[in-house]
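Please open the model in the viewer and keep the selection panel at hand.

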Amino acid sequence: MKKLLNSLSEDEYVLIRETKKSEMSGLSEDDLIDLHARIRRGRNKYVKLYRRAGAAKVGAKGARGAGKAANSRNAAKAEAFEVALSRVSRRLAAVSKDTARELKAERLSRARKSSPSPGEGGAGEGKVVSAGKSRVDATRKSPGRKKYEASTIAAGKRRQAKKDRT
């Protein structure tokens, strides 16, 4: 692995180094998401190169196994980026879970403040003071509703008449 890390380009090496635990400890969730995307792009690049070069060498070498040996550097780079991606993913999952927990606690505390607790109500007898709205359905008087109900009643009568005939 050390030999592979030495063969990486400067930018790739810096990117892999950013995934160390000590480097990621101070990153926010958004920064981790950005790092995750950059690492994933690097991994996808080398996986794609590995697959394409391997497919191209199959014709020349005559077999997939023989083509694989000549393409080991791209495979090793893809593996290094895969390991780095897993480190970032684990850290991102932990930070996301902590953030979600904090947001939930904040939301619940705001909800507790805005709604009165059961014992805070007025000193009443427990009965409703206002008359409130009438619970009669206002749509019963609409022409469309009358037609729908008449149609339903007629269909029921037709079904009953059919049963009575047999």
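Select Thr-19 to begin: this residue has a relative accessible area of 0% and is therefore buried (buried means under 20% relative accessible area, with a 1.4 Å probe and protein chains only). The model is predicted, so local features need pLDDT of at least 70 and side-chain atom pairs count only at pLDDT 80 or more, while totals for chains, interfaces and linings use all residues. Residues are numbered from 1 along each chain as its sequence is written, and side-chain values use heavy atoms, with hydrogens and water left out.

Thr-19 sits in the loop between H2 and H3; helices are DSSP runs of H or I with at least four residues, numbered from the N terminus. Next, display the contacts of Thr-19 (heavy atoms within 4.5 Å). Leaving aside residues up to four places away in sequence, Thr-19 touches Met-24, Leu-35, Ile-39, Ala-84, Arg-87 and Val-88.

Now select helix H4, residues 29–61. Its buried residues are Leu-32, Leu-35, His-36, Ile-39, Gly-42, Arg-43, Tyr-46 and Gly-54. Their cover includes helix H2 (10–17), helix H3 (21–24) and helix H6 (72–114).

How values were computed. Helices (H or I, at least four residues) and strands (E, at least two) are DSSP runs, numbered from the N terminus. The expected span of a helix is 1.5 Å times one less than its number of residues. Buried means under 20% relative accessible area, exposed over 50%, partly exposed in between (1.4 Å probe, protein chains only).
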